[in-house]
Each structure stands twice: as C-alpha cells, then as structure tokens.
Amino acid sequence: MSKTSFHDQFADRHIGPNHEETQEMLQAIGADSLDQLIDETVPAPIRMEGELNLPEAQTEFEYLRELKEIAVMNKVFKTYIGQGYYGTITPSVILRNIFQNPGWYTQYTPYQAEISQGRLEAILNFQTMVSDLTGFPIANASLLDEGTAAAEAMAMFFGVKNKRAKGDPANEFFVDEKVFDQTIDVLITRARPLGINVVTGDWKTYEFNEKTFGVLLQYPAKDGSVEDYRAFTEKAKAHEVYVTVAADILALALLKAPGEWGADCAVGNTQRFGVPMGYGGPHAAYFATKDDFKRIIPGRIIGVSVGSNGKQALRMALQTREQHIRREKATSNICTAQALLAIMAGMYAAWHGPRGIRAIAERVHTFAQILNNNLRKLGYDLTNEHFFDTISIKVDESQIDQIHHFAMANEVNFFYGEGFIQISLDETVTEEDVDLIVSIFAQAKDTDAKVEFSTGNPNVPAALVRETDYMTHEVFNTYYTETKMMRYIKRLENKDLSLMYSMIPLGSCTMKLNAASELIPVSWKHFANIHPFAPEDQVQGYREIFRELESYLSEITGFAACSLQPNSGAQGEYAGLMVIRAYHEARGESHRNIALIPSSAHGTNPASAAMAGMEIVVTACDEQGNVDMEDLQAKAEKYKANLACLMITYPSTHGVFEVGAKNLCQIIHDNGGLVYMDGANMNAQVGLTSPGIIGADVCHLNLHKTFAIPHGGGGPGMGPICVNEKLAPYLPGHVMANTGGELGINAVSAAPWGSASILLISYGYIRMLGKKGVTDATKYAILNANYIKARLEKAYPILYTGANGRAAHEMIVDLRPFKEFCSAEDVAKRLMDYGFHAPTLSFPVAGTLMIEPTESESKDELDRFCDAMLEIRKEIDEIASGNFEHDNNVLHNAPHTLEVVTANDWNFPYSREKAAYPLPYLRQGYKFWASVGRVDNAYGDRNLVCTCPPMEAYMQEAEVVEG
C-alpha cells in the first residue's frame, strides 16, 4: 500500500477474523489456505471466472465525502404533494435513541420472546395506538406499505367470503375512484392471479351485485374530501360485503373512527407519525380489523402472555397461521414487516400523547382552512366542502402552467392533475409557508394578497367529528419530558439482545454488521425529506444511486436487469413469480401454473407461489439434504405441459452447495419452465458464483441480509429482483413513475423504488467493500461457518455437508439424538443464559439448530459461542447420566432471570452460579439477562390480548388462568 493511501480500509472493519486468526481457524478446519477451503466448498462447475466488474473499494471517509456530492443533486423543496406521504417532524429523542441506535436497529424478529421484551412492548404500543385511532379491537404489528396493506385486506375478505363457495366465487372488489392511484396499482397486481376483478368507480353510484365481496374507500379521499360513507357501509352490510377503509392516521384524531361507522377493516400508513418520507420508505403500514378475523389477519401480532414465573410476558401471537407454518395455505406470505418504523411511530404517539396528536391534527386542519379561505378570496374555485389537510383547486391548463412556474421559482411542490391542483399540508407548515403559497396563487392572478389567519368551525361533517377518546393508556400519557422518554426507550432497549451484545447466529438470516457509515446518510435531509412522487429533476441524486446499484446487483447475480421496487424478501419472491407469469402469458402459455418447490424450502416460497396463482408440487430431498434429482426429473416431465417454474434456494436451506444445480436448472428449462432462485443465501455466492452462472432466470435479493440493511427487529427489508434478458421486459412498473420494463407488470409496492432511502445502505456496502471486499466477505462467511462446524462436530451431529464434507455459510446442528433428555427449544433458551440469541430453531428440520455466523464475527466471538454450545452438551450429558431430572435442570428451566437468581428462595437442584454464570467469560462483561422466564405460548393464544394491558399488569404478577 502506498504511503499516500488511506490505511483504514472498510473491509478490515467489516470482516471479523484478522490474518492470525484466519490461520488458526484454517488449521482447526484442516485447510492449508482460504482458497483451498473455497475450492472444497463451492463446486467447480459453477465457479465464477475472474473477478466482479465492480468499483474499487473506498474508505469510509472517501465514500461519505463522495455521497454528500451526490446527495445535493436531490433538491429539497417544500412539498405539499400528499397522496399518502407527508412532511413530518421526527422528535430528536426518537431519531437519536431509536432510528440511529444499533441497540434498536440490529435486533432480529422477536421469535425468542424472553430476550425481546423491549421491542415487543414498543410494538404493542403501536398496535394499541392503531387500535384506538381506528376503532377496531385488533391491529397487527405493521405491514409494508398502504398499498400492500389494502391488497392484504382484499385477499383476506376474498377468502372469508368464499370459504364455502364451490366453483362460482364472489370475485368482484369495488375500489372507489378516489383511492390513491398507487394503491389501485398494487391491488390490480395482487388481484389478477387470484381471479379477483377490481372494479373502480364512484361509490355514490356503485350498485352491489352477487359477485361483490368487498369494497375499498379512502378516508379522506385522494382529492382531500371527507365523505360520509355510513349509508354506503350499511348498504354493503345488507349485501354481506366487507368494507375496508384506507384511513389517514392523523386525520383520525379529528374524524370518527372507521370502526365506529361500520367498516370491517382499516389500513393505512403511519409515516406522518415521525417517520421521514425517504423517497418512499421505509414506513410502517397498519392493519386493524374486527375480532372476528383475528386468526386470519395478515402479518404478525404481538400478544400478552405469561412467563414461567407467572408474570406478564409478551410474544408474537397466533404464529400457527403464518407462512413459515402453513406454507401455501397461509393467509399471507408476509415474513418481514416494518418493526423499526412501527416502533418509531408508536414512540411518536407516546411522546405527543393524545392531546399532542390532537393538537397537531387541529393545527394542520386550521392551516388548511386558512389556505382554503384565502384562495377563495382570490377567486379560485375550491372543490372540497369538507376536508382535513388537503384542498383541491379547479384551474384551467394555462393557470396550471403559471402556478407551476411560480411554484418552481419558490422551490415549492404541489400535486398537479388534469384541471386541478391539490395542496396537502402537514405538521411542518408555518404561517410563513401559508403566506408563500397564497402569494404564488396571487402572482398567477397578477395581484397581491395579505393572508388572513382567521378560521371558523372545522370543515368536517358534523356527523363525522370524533367524540370518542383514544390513547388513554398510561404509556401515551407519561413520557412528555425528554428525560422520561429517553429513559423509557433505554429501559426497553436493555431488555433486548441485539448485535450490540453478541453475535446472532441465525441460519438463513445473515445477521452481519450494519456499519455506521452505511446508515448515517439515511437521515441526511437530502435523502430523508424527499417525496416519492417528487419531479424527476429534483431527485437526480437518488436516480444516480439507483442506476449504479442496479448495475452492481445485476453484475453480482450475473443477470441483465434489476428492479429495486419490492420492499421485502417476500415481495421480491412474489415479484419474481409474477414476472415469470407475465412471460408465459406473453408467449400464449398462460396455462403454465405449476411451481415445483423442494420440501426444504422456506415457507414464503409456497405462500408466494399460491399468491401468484400457481399450484404447488413439492419435490423430495435425498438423505444428504439435496434436491432429489430423480424425483425432480419425474415431476418436471409429468407436469411438462403446465410447468411454470422451479423455486430453489442456493446454497440450499440445508447449508450445502449442491453439485447438481446446473443440471437441475436444465431439467426445468427442457420442460418449458423457468427457474426462480431465492436469494436468502446469497451471502455464500457473491464473487464466487452467481444465479446466472448456475442457470436461474430470476433471483430476489434480501438486502437486509447479504447487503447489510439492518433487520430492525423485524423490518425494514428490501427484496429487489434481478432477471435475465428474457424476463427484463416484465419488471414491475408504477403508475406514478417511469420505471420497470416496457411490458412491465403493475406495481408490487406503493412507492416506485420501494423503501428507497435504505437502498443507500446496500449501495454503501458495495462501494466501501469494493469488488475484492464483497468477495472476501463471502469467503470469510464460509470460513466462519466451517470453523464452528469443526469445533462442534465431535459433540453434535452436523446434519448435512457438501461433497467434500464442507458446510456453506451455515450448518445444521442435529439435536434429535438428545430428545429423550432435552428439546431443541431447551437448548435455544439455555443459550440465553450464556449471552447468545439462539440459532434458527427447528427449521428447515424439526429438532435442529441452523447456525450462520456471517463474516463479521471475529474468532474470539465464535469461540465464546462454541464454548457455550460445548458446555451445554456437557449439561445434556449430566441429565443423561441421571444427575438431574428430565424436568428440573438448567436446560428445562432456562432462561434464568436476574430476579430468579437473586431471590431469597432457591429451589433448584443446581447452584445459582451454574444457572447464571456457567462459563468464566460471562463474568467479564458478556452476561445478558433475559427479562422474563420462559414464555407460555399456549396461554397467549388461548387468552389473546393484542393491546396494552393496564399499567398494574406491568407491576403485578399475572394470574395464570386456564383458558
């Protein structure tokens, strides 16, 4: 390295093992070099020749300096576009202590409830806020965006209505023409493969018929008008039609809740509760409904249960309805939602409280009234008698041009339509802003105007004025000072194990480093404060990043084109399958609807295929965990006439590079199908092989795995798809932007580039690692996995390995031989006592743990984890030898809380030290205490409570009652 070069290379900060550690690990594995290990792991027929055509690595300083130059290419205008996205003020206490805090954003989805109580409580707050404001008893833990939330409601009610229909389902879904355009776009995409007919029109003239199963209304409407839908809803009820309302969450502080006037479901976006627009996301959508539908509601639900000590504990409720259990019979393919953003929105509600939320809503409405009155005085024709925050002005084309000219000169964005202009105000608006807007419209009439800041009664129908209280729980009426809020956030954070404490070795989840330099730019104003429908000339910085990132991802996958629109992995799966469907339809082969899926596949695969209108045929795996080639060949030939695709994960979900991958793809192609590759395990491919080399046609990428977007405790994520040339024309388009292929399917996400702001993280990951660094990251992910395998394989059976006995980037530890003495869950819970989050439990094989260390963990952390696993094996042996009873031992009773360990009474047949400090490293600052004893899952489902219980419940022992 030149003396004038920066010595501080990002790869050295991202990759865990240093040179000396690498040599020690290779010796333990039995390989002379890292290259030898890779040669023995990745089959030669699929190895990439040469290096990736990516830029050289940048230091963190160089990257951030260059990114600032790109950022200012985005123009931060004062924006009143609305249409579901609004300016907001993120409270600094939330920005600093949650959004920019790795203690919150590096957590995983809270499957291990005992070490997740903090975010579970924060999400329960979100659910309670949504439930209160919408007037429904059940709300989920968030969805991806408003468009997909509306589509989930449509699918749910389609299933409810036709549960017992035979052959002639009710399949008409009416959507009012004043629903947001992007929502309708997503609805059309979701409806087609399910055989649903989306009908748009005026709700005032729509006639229900025997085919109508549901309707969707916007409240307030996209033009800002507040309509009284009560009589329409009664008519729907009379026809046994389900009513979904897409409601503005802030407007509900002033307007009567949908649950109070007869709706069956409410969906919407909580972005304006303190979450920046970010050119489209990420934001937390909400979904609230009646108690009747609690067991089929899409997405996750946080519920109240009890721990082993009888005290209240929170958990994810009703998991048996989720895709990872029900597969193709799941109500939804939702896997990741928007947990981090839901937490922010819930904290925003707690920070402001009901009085503050109402004050914000009243202020926004007051400014809208002032603007409405002053534009009327100027002679403009305003079309809305009743409104909340949005006014619509009827103007001719010449006036539009004039107003647009003056608005651009003053760096102001309005929403322009054919013959009208709309202005949506938000909480950031000031008197000066209103004065400027009025002056722009006055200039267009060649006159002056002095704004009168007086108003009359609210411009809301008297029958729709909200009278019921909301957010009455103590959590929304306590934390008004920053000191109290800061401490509350910290108390919750301290209950949760994140990457701040230790490695999270979840197989198929890739919990790698989320570097600070990757995340810092997300909150820069030139990225955070951009509306997703801003004019193209104002977003050239974003567009440059998109172009580069698309080219990088296409290069890495060996494909020709990329869509960044899908805003989760499950959405990426769905988008990829819909592109395959469109390809077959364009060739006159719409009958091709069979998806072959290996038995080892993640549950989202069959769930996504079912949503895409495909019939699932499961193919077998052999004893080595590979796809059974004979069974695949037989089924591909059997269904040759109707074969649409094969869905595979590579390396396999069993953690193995299958040597027959190319042949597998060829079999499908020979029988008229295409190959969809699930990119969940792309962290073992980058720079060594690619889906294109292997022979796939489309692949989705989990940017929240391989490309360093944090998991956020269950979201956000991004799931872009890369495709070959034959599928490129069908990449998803969007009604509000020029994107996608020339024959593109309709939108899969509400925003044109999904959760655009977090694409910066993956962009930074690639730019700072460079072409060598991203490849090295893959090599070290494989090294770390094989090192753990080498240390554990004498104590535990390793279920599957490759042809040369190597693991890929993850491996499965088989605990079934010990089931007489303990369960896999016992081991998972005991690992908490050792300061670790459990590996993936009982997937893809029941009774096992799937371990993925990633490249970011250093040898000392890997050794601590292995030491813990080996000590647990000794504890299993103690049970097997009869030293402890099967139902009273350190594994069965784990995790041990601080309260239990320090109690006066100790009634266990082992020492407190054995329970809490079984290894010396735990006394050196590595101890993490679970905040509750083992959670009773069955109790929580029998006694479903999905909103905040009274504060007394947090302080008193829950009374355990049999349900």
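These legends go with a set of close-up views of the structure above. The model is a predicted one, in which local features need pLDDT of at least 70 and side-chain atom pairs count only at pLDDT 80 or more, while totals for chains, interfaces and linings use all residues. Residues are numbered from 1 along each chain as its sequence is written, and side-chain values use heavy atoms, with hydrogens and water left out.

**View 1**
Rolling a probe the size of a water molecule over the atoms shows where empty space is left. Here a cavity is a set of points, on a 1 Å grid over the protein atoms alone, where a 1.4 Å probe fits but cannot get out, and lining residues have an atom within 4 Å of a point. Grid points are joined across faces, edges and corners, and a volume is the space filled by probe spheres set on the points. The count comes to 10 cavities of 30 Å³ or more. The largest cavity has a volume of about 180 Å³. The lining of the largest cavity divides into 8 nonpolar, 9 polar and 6 charged residues. In that sorting, Ala, Val, Leu, Ile, Met, Phe, Trp, Tyr, Cys and Pro count as nonpolar, Asp, Glu, Lys and Arg as charged, and the others, Gly among them, as polar.

**View 1. The second largest cavity.**
This one has a volume of about 110 Å³. Of its 14 lining residues, Pro598, Val627, Ile648, Thr649 and Glu658 are the closest to the centre. Two or more lining residues come from each of strand S19 (643–649) and helix H22 (661–670), and S19 gives the largest share, with 3 residues. By class, the lining of the second largest cavity holds 8 nonpolar, 5 polar and 1 charged.

Look for 4 strands in the order S11-S12-S15-S14, paired in the antiparallel sense. Strands S11 (381–382) and S14 (415–417) stand at the edges with a single partner strand each, so one side of each has no neighbour in the sheet. Two strands pair if DSSP finds at least two bridges between them, and S14 and S15 are joined antiparallel over 3 bridges. Phe415 has Gln422 of S15 as its bridge partner. Helix H13 (residues 397–409) lies across S14 and S15, running at about 160° to S14. Axes are lines fitted to C-alpha atoms, for helices over the stretch in contact, and angles run from 0 to 180 degrees between N-to-C directions.

**View 2. Helix H20, wrapped by the rest of the structure.**
Buried means under 20% relative accessible area, exposed over 50%, and partly exposed in between (1.4 Å probe, protein chains only). Helix H20 (residues 604–611) is largely enclosed by the rest of the structure because 7 of its 8 residues are buried. Those buried are Thr604, Asn605, Pro606, Ala607, Ser608, Ala609 and Met611. Just after H20 comes Gly613, with a positive phi of about 80°.

Ala790 sits in helix H24 (residues 759–792) and counts as buried, at 19% relative accessibility. Which residues does Ala790 touch, not counting those up to four places away in sequence? The answer is Ala28 and Ile29, where contact means heavy atoms within 4.5 Å. Ala790 and Ala28 are 762 residues apart in sequence, yet 6.6 Å apart in space, C-alpha to C-alpha.

**View 3. Backbone spots worth a look.**
Most residues other than glycine have a negative phi, and most peptide bonds are trans. The peptide bond from Tyr219 to Pro220 is cis, with omega near -10°, and Pro220 belongs to the loop between S5 and helix H10 (230–238). Another cis bond runs from Ala894 to Pro895, with omega near -5°; Pro895 is in the loop between helix H26 (859–880) and helix H27 (898–901). Asp446, not a glycine, has a positive phi of about 55°. This residue lies in the loop between helix H14 (431–444) and helix H15 (482–494). Is Asp446 buried or exposed? Asp446 counts as exposed, at 73% relative accessibility. Ala708 also has a positive phi, near 75°, but is buried, with a relative accessible area of 0%.

Technical notes
On a 1 Å grid over the protein atoms alone, a cavity is a set of points where a 1.4 Å probe fits but cannot get out, and a pocket is an open set with protein on both sides within 12 Å along at least five of seven lines; lining residues have an atom within 4 Å of a point.
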